[in-house]
Every structure is written in structure tokens, then in C-alpha cells.
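Colleague: I would like a close look at one part of this model, and then a walk through the rest. Please keep it brisk.

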Amino acid sequence: MSETAPSTPGRDFIRDMVERDLAAGRHGGRVVTRFPPEPNGYLHIGHAKSICLNFGLALEYGGTCHLRLDDTNPETEEQEYVEAIQAGVRWLGFDWGENFFHASDYFERLFDFAVELIRRDKAYVDSLNEDEIRDYRGTVTEPGRNSPYRDRTVAENLDLFHRMRAGEFADGAHVLRAKIDMSSPNMKMRDPLLYRIKRATHYHRGDAWCIYPFYDFAHPLSDAIEGITHSLCTLEFENNREIYDWLVDALVESLPFPDPPRQTEFARLNLTYTLMSKRKLLELVERRLVAGWDDPRLPTLAGLRRRGFTPEAIRDFCERIGVAKANSTVDVTLLEHCQREDLNPQVPRVLCVLRPLKLVIENYPEGQVEELDAPFYPHDVPKEGSRKVPFSRVLYIERDDFAENPPKGFHRLSPGREVRLRYAYFIRCESIVKDPATDEIVELRCTYDPATRGGSAPDGRKVPGTLHWVSAEHSVPVEVRLYDRLFKVERPDLEEGGFESVLNPGSLETLTASRLEPAAVDPSLGDRLQFERQGYFYRAPVDSTSGHLVFNRIVPLRDSWAQEVQKQSPAAAAPAPAQKAKPPKETEAKPLEPLTAEEQEQLEQIRPTLLPIVQGVLAAHPTEVERYRSGKTGILGFLVAQVMKQAGPAGKANPKLVNVLLTEKLSGS
RNA sequence: UGGGGCGUCGCCAAGUGGUAAGGCACCAGACUUUGGAUCUGGCACUCGGAGGUUCGAAUCCUCCCGCCCCAACCA
């Protein structure tokens, strides 16, 4: 793992639990976790949360974390996914060492566990068909009924189960079920299915088996086989925990470790403006709504990686979102923030004009070229390095940086206005050249001030803004892909008409005429660069060819001018902020119950002992006293606590009397 | 509706009987050769609601409300 991996993870209920278990000596002091994906899809940032949690826990407590493929359903699983999963975990920066496992490698042992269960009369072969099983299960409000096959003898069940394995029956003819309780209020406990007959080639086991265990059976027992101590999963498995415990407890004597693993659930990650369910991601891929599992607009690890996100940023993000049990949707701006924070202090700044507008400097000699010094890092990034940027008579600037009729607050170029070209000269716009046919601005005619070389004026005059630019002749053409959120709404999954209706048509904008300063072509600068005033970009390795450079925008820079423009647009101004005028709540503390005569007497008795303490506390906490007097009366509780502490062992002082005394002193001098 | 969970700022999230942390977002200002970064300040008199217990409640008790999960031979 890279050394930038966070070393001070946040506190959460899971780490609290692990520490309690460690303190109690459970599991012989071991901490063993696992990340158990099913190889039926690509990993996404929601999995990253789980990976960071499981591997992070192991790292923090000197334990290990296993990577285990939960491959019990041959129909949906593929080797391609296995490799993508391994690549994803490794890319994130985690190492499973020797601990790479397949649940399907445990099939023989799992079969033996099932036989053991049958011998104990805790499992039976059921011969109801699928519909009947559903029917017998009952509903959430009505109990289920026992299957007519539920009372088969142990011998009969043993025989049938072995013959299921031997392939004597058709798919679906029989299943193995746990014998628990068909009237359990927990639907999951109504004799859950343990094994089904399914003739399908397994990507890892081939045709070795024609019966396959279900998740509810395979998962807890795989955990037990591996000596997992803490089995962490997401909230939707809460109801399955009862089976988990039932199984590991039922088979505890046959298990390799004395303390069985226990399952703990936490909330899965949701992110705004995207989708996180494997099913919907698959749909996007299969319907070609995106270019593939690694489409840079997708929240898949493959997509984020191809987009240019860094594992450091993703780990930081996973740490900041915390781990809890409340369903939540994290604002994607937090992810973007983490990515900027990671890149800001380390990547070189270069100049790239995304949408070029030609600019001719009329008083600059034709054919002249100057090499201007430009540092790679701004003053606030403590890194060294610079390059030469060629300056000439014909340049390109960003189209957005010129306005014929500048709106209020516009700091850039407009007719007659002077601005600075970054690291170069002050220029003034003298005239505009338009295409007579379309009226489109095709060229700007400017003059420069030779005295401002480097970007500052000897006479100290100021300029409203600084623009990035490139020399037309020396810059190199590049393709730039501007990625934006895939959906137009925060919660596409909640959309009535399906997520397709809210796809953002502008989620990918491909710019083919962008121009990059020549020095930035050098690959030794690194794969990630900041294009000044635009954002962080990634020299996309899979999309670039030797003669054709492609840059992906990872994340734009914050843009307060764009926000200003937003605010000024009439569309944005429409929704009047419904100011929730909450009437000030009457919070006057209910008056303290008057002291009884007895209490009054007590007070007088104890006053001499308590008074010095009260005064001491008051003197020791002048700011609190000040805040109390300015209306923050809640602090009284804090002051009472201080007096109580000093008054000696609990119970010595009557808090009510302390309260009275304190209030008296506070309202007095 | 039976069962299992969860409700603390716009979004996450600490806090578990004694002053409602922090981050993102947002707002204002300073600084600035990136409208970036940085810095400063502002952002919950109150914790889903109502009662109760207590000197003192987001924390304990009671009732209520809302949201999520469970009736695949998926995981």
C-alpha cells in the first residue's frame, strides 16, 4: 500500500466493536476480515468503501483481510470479472497476500457440513417445486406451512442428498433446506434453501458439481472455514444474520475455530448524480448507454481509474464519509473535493486552450519567437521546476475569455480592455474580426506592451484578469474529453420514468481542436496535469496513440465566476428561497422547583462548604460564566458538573442545591 | 401489515446523563500573475414529534410519525 494511505482512520461503531472484542480476548486476539464480491460484475466506489473498511481494519489491528470470491452461482459468474476485481483491489492499494480464496473451492467441505446438518435432523430434502415453495412460505403477515416432505427420515434425506450430488435428478427436482421454523416472523428463517440442483458449467469448477449452495449457507461457513472474526456486510443482510448465527452455532463443533465469526452490517454507499446498483450498471453497459464497464463517467473503479481519479483520493473519500447504519447518499462534490486536494499540491500546471480563438498581436514582429519562463507550480505549492513557453505574434486564447459585451463582473478580455497573458505580457484588444456570413468572431486584433514582459507592469498598473494562452505555431493539437455527471438529477434511481429519462446529454463533450503548450507533451511530467484555470487532466493511456494525445478531465477547478453567472441567469434566480421563518421557540427554562423548608435548611448548612467551591469554579471558568450571562444558559449544566466533581465522591452534594447556589451567584455579582 | 433496521444542519457524521465535534456544500471578506489554492469569519438556542423521569436529556422511559430491508431455486 502506498505511504499516502491514511494512518488515522476515523472512529466508528465497527472499530469500537473490534476493540471491545480484542479487549475481551475474543478470537484469541486475531482480527481477520474479508472482502467477498461475487464475480458477476465490476467493482464500483461502493465496493471501495467496503474494501477500505475491511482491509483498513486488518491493517489497523495487525490482522489480515482475505479476498474471497463468493462464486456460488455458476450462471452469472465469469473469469473476466474475477480479474477486474483483483485489478480493482490492487489499484486501490490493498494487498491480500496469500489470502485469495474461492467459496467454490470449499464445495466439498460445504457438502460435508450439509451432511452433518442432515444427520442432526437440522436439514431435509424438499421436493416441492419452486411455486409450491413460495406458496408454502406464507407472507409477511401470515405464517408459512410445513412442506409435506419435511418429516423425511435422516436416512432418506442422506440418500436423496447424495443422489442429488450424483446427478440422478433433474434441475429443480429437489432442494436441501434447513429445518428451522416455517412460522418464524423473520421470513428468512422459514426453512431457508441451502442447495439447489443446477447443471451449469462453473467458471472455476467446471462441471465438477451439479448442486450449488446458496449464499445463506455458503457465506457463513466460508467465513468459519477461513477463521474470519468479523464478517462485515451491508444493511440488506440484516435479516440474514439470524441464519448466519443459526448455522455457525449449529455446526460449532465441526468448525476449525472455537469462536464463530459474527456478522455486522453497515450502510452501503450511494452517491449523488450516479447509480450504484450492479444491476443498473449492467443495464447501462448492456444497452450501450455508456461505452463499457470502464466508461469514465461510471462510478466503477475501472471507470474512475480510466477517467484519471487516484486511489489516494478514493481512499481519502472512503475515510471521510464514515461508517454508520443510516441509509445515506453522499454528495459527489465531496469526492471531487478529495480528488482536487490530492492533486493540487503535486501536479504541474500547464497551459492548454480548450476552445481556441485566434489572437494576433499587431505590434509584435512577424517571425519573432520568445521563450518565456514559466514555473510549473504556483507560489503556494512548495515544489520546484519550470519550463519555457514560446510566445509569438499569433496566439490562441479561450473563447470564453473574450466577450464583445462583457457582463457585469467580467474580468477578462473585451474590446479596448487590457488583460495579462499568463507569464507573458499585457495585451489590449483593439478590434474584432468577424465572419461576414455568420457574424461569428473569428479573430481578435490586439497590441501588447513590451514593458510588461513576464506579466507585470513597471508602472505598477493593474489589470482585471489573467488569461491562459498558447502560441498558434508552437502549440500541439490534442483531444480533450470533458466528463460531467452522468445524470441531470441527484437521485436518478428515484426517477419515476426510469433513469434513462434523466441521463445528462452533456456528460461527455469531446473537444478535438484543443491546443497544448509544447513542453506539456513530455511524458516525464507525469500522467496528471493541471490545465491552468480549467481543471485536472489525465493523459489517457488507453485512448492516446503516439501521434494523437487524449486528455480526460478528471475534475474541473472550482469556478466562482461560473457560479456567479449561474446566479445571474434568470432561470437560476427563479426559485425564491422559501425562508423557513421558524418562530423563536419559547425556551424559557421552567423555574426551578422552590426549595422545601428542609432543603432550605440543608442549603444554609452546606453553604459554607459549597460556596468556596462554587466561587472557585466560577473563577476558573470566566468564559463560560460570560457565555451564561449572555444568554447561553445551557452552560449551567457544565458548571454544576464541575462543582459536583470537586464537592467530592458522587452523592455528597445535592445537585439541586448546587444549582440554586450557582444560579444565585451567577445572577448576582 | 409480522419481523428486522434507521431518523442529529442542504449532504455525510461525532456524541451514549453535564458547553451540539468535524468535513463537504453554501455565504461574506482578505490575499492572489490560476475567478485556483490559502486565510479569516458566518452557517443546529437544539437533535423526527409529543409527553415523562432528572438539578440537568440528542443521550433514560412511554406513545406517536417517517424512511429502508425481508415473501429469488440471486448475492
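Colleague: Take His27. Is His27 buried or exposed?

Modeller: His27 is buried, because its relative accessible area is 5%, and buried means under 20%. Bear in mind that this is a predicted model. His27 sits in the loop between helix H1 (13-23) and strand E1 (32-35). Its backbone deserves a look too. Phi of His27 is near 55 degrees, a positive value in a residue that is not glycine. Tyr273 is another non-glycine residue with a positive phi, about 65 degrees. Tyr273 lies in the loop between strand E10 (269-271) and H9.

Stay with loops for a moment. Leu298 is in the loop that links helix H9 (278-286) to helix H10 (301-307). At 2% relative accessibility, Leu298 counts as buried. Leaving out residues up to four places away in sequence, Leu298 touches Leu284, Val285, Val290, Gly292, Trp293, Gly303, Leu304 and Leu486. Leu275 is 23 residues from Leu298 along the chain, and their C-alpha atoms are 8.2 Å apart.

Asn157 belongs to helix H6 (residues 154-165). Asn157 has 0% relative accessibility, so it counts as buried. Beyond residues up to four places away in sequence, Asn157 is in contact with Ile118, Ala123, Tyr124, Val125 and Arg152. Val480 belongs to strand E23 (residues 476-483). Val480 is also at 0% relative accessibility and therefore buried. With residues up to four places away in sequence left out, the contacts of Val480 include Leu354, Glu509, Thr510 and Leu511. Val442 is 38 residues from Val480 in sequence, and the C-alpha to C-alpha distance is 21 Å.

Next, a helix pair. Helix H4 (residues 107-119) packs with helix H7 (residues 215-226) at an angle of about 110 degrees. Their axes are 11 Å apart. H4 and H7 are therefore roughly perpendicular to each other. On the H4 side, the contact uses Arg109, Leu110, Phe113, Ala114 and Leu117. H7 brings Phe217, Ala218, Leu221 and Ile225. By class, the contact of H4 with H7 has eight nonpolar residues, one charged residue and no polar ones.

Last, the RNA. RNA strand B is surrounded by 85 residues. The closest are Arg349, His411, Gly454, Gln530 and Arg627. Of the atoms of RNA strand B that come within 4 Å of the protein, 60% belong to sugar and phosphate. By class, the surface near RNA strand B has 30 charged, 28 polar and 27 nonpolar residues.

Several elements build that surface. Those that each supply at least two residues include helix H5 (130-136), strand E6 (193-197), strand E11 (328-330) and helix H12 (332-343). Helix H13 (560-568), helix H16 (622-629) and helix H18 (655-667) are also among them. H17 has the largest share, five residues.

Some individual polar atoms can be picked out. A side-chain N or O atom of Arg420 is 2.7 Å from a sugar or linking oxygen of RNA strand B. Thr333 places a polar side-chain atom 3.1 Å from a sugar or linking oxygen of RNA strand B. Pro185 reaches a base instead: a polar backbone atom of Pro185 is 3.2 Å from a base nitrogen of RNA strand B.

Methods:
Residues are numbered from 1 along each chain as its sequence is written. Chains are lettered from A and ligands numbered from 1 in the order in which they are written. This is a predicted model: local features need pLDDT of at least 70, side-chain atom pairs count only at pLDDT 80 or more; totals for chains, interfaces and linings use all residues. Side-chain values use heavy atoms; hydrogens and water are left out. A residue is near a molecule or strand if one of its heavy atoms lies within 4 Å of it. A polar contact is a pair of N or O atoms within 3.5 Å; within protein, one must be able to donate a hydrogen and the other to accept it, and residues adjacent in sequence count only if both atoms are side-chain atoms. Helices (H or I, at least four residues) and strands (E, at least two) are DSSP runs, numbered from the N terminus. Ala, Val, Leu, Ile, Met, Phe, Trp, Tyr, Cys and Pro count as nonpolar, Asp, Glu, Lys and Arg as charged, and the others, Gly among them, as polar. Axes are lines fitted to C-alpha atoms, for helices over the stretch in contact, and angles run from 0 to 180 degrees between N-to-C directions. Angles under 35 degrees count as roughly parallel, over 145 as roughly antiparallel, 65 to 115 as roughly perpendicular and the rest as oblique. Contact means heavy atoms within 4.5 Å. Buried means under 20% relative accessible area, exposed over 50%, partly exposed in between (1.4 Å probe, protein chains only).
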